[in-house]
Amino acid sequence: MSDDKADKDKFYVNSAEFRRLLNEYYTNDKMTNELAVNVVNIAKGLSYNWRFINYTSSWKEDMVGDAVTKMYAALEAK
């Protein structure tokens with residue numbers, strides 16, 4: 001397995017588990033560590049999209065941070 005593939009796999013999010021965590025969040029209004037990790041993994045995983053392949057690592061880090069902030073805001077907005 002190539003290093004690029006290994007990096008992508010470590011940011012994999014199980015959709016059924018993510019849906020369960022979202023339902024739990026909307027029911028209890030409490031952000032769990034598991035849900036937070038999934039949100040971060042989605043943002044990091046998206047940074048491997050072919051559109052961002054030539055971006056610098058510092059720009060990618062900023063992009064991931066912005067994505068996490070926007071996803072959390074979307075969760076808060078329900």
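**Reading the packing of H3 and H4**

Mentor: Let us begin with a pair of helices: H3 and H4 pack at an angle of about 135°, and their axes lie 9 Å apart. This is a predicted model, in which local features need pLDDT of at least 70 and side-chain atom pairs count only at pLDDT 80 or more, while totals for chains, interfaces and linings use all residues. Residues are numbered from 1 along each chain as its sequence is written, and side-chain values use heavy atoms, with hydrogens and water left out.

Trainee: How is the angle between H3 and H4 to be read, as oblique or as roughly parallel?

Mentor: Axes are lines fitted to C-alpha atoms, for helices over the stretch in contact, and angles run from 0 to 180 degrees between N-to-C directions. Angles under 35 degrees count as roughly parallel, over 145 as roughly antiparallel, 65 to 115 as roughly perpendicular and the rest as oblique, and H3 is therefore oblique to H4.

Trainee: Which residues of H3 and H4 make the contact?

Mentor: Contact means heavy atoms within 4.5 Å. From H3 come Leu 35, Val 39, Val 40, Ile 42, Ala 43 and Lys 44, and from H4 come Val 64, Ala 67, Val 68, Met 71 and Leu 75.

Trainee: How do the lysines Lys 60 and Lys 10 read, buried or exposed?

Mentor: Lys 60, in helix H4 (residues 57-77), counts as buried because its relative accessibility is 18%, and Lys 60 touches Ser 47, Phe 52, Ile 53 and Tyr 55, not counting residues up to four places away in sequence. Lys 10, in helix H1 (residues 3-10), is exposed, with a relative accessible area of 53%.

Trainee: What is phi of Asp 29?

Mentor: Most residues other than glycine have a negative phi. Asp 29, in the loop between helix H2 (15-28) and H3, has a phi near 60°, a positive value in a residue other than glycine.

Key:
Helices (H or I, at least four residues) and strands (E, at least two) are DSSP runs, numbered from the N terminus. Buried means under 20% relative accessible area, exposed over 50%, partly exposed in between (1.4 Å probe, protein chains only).
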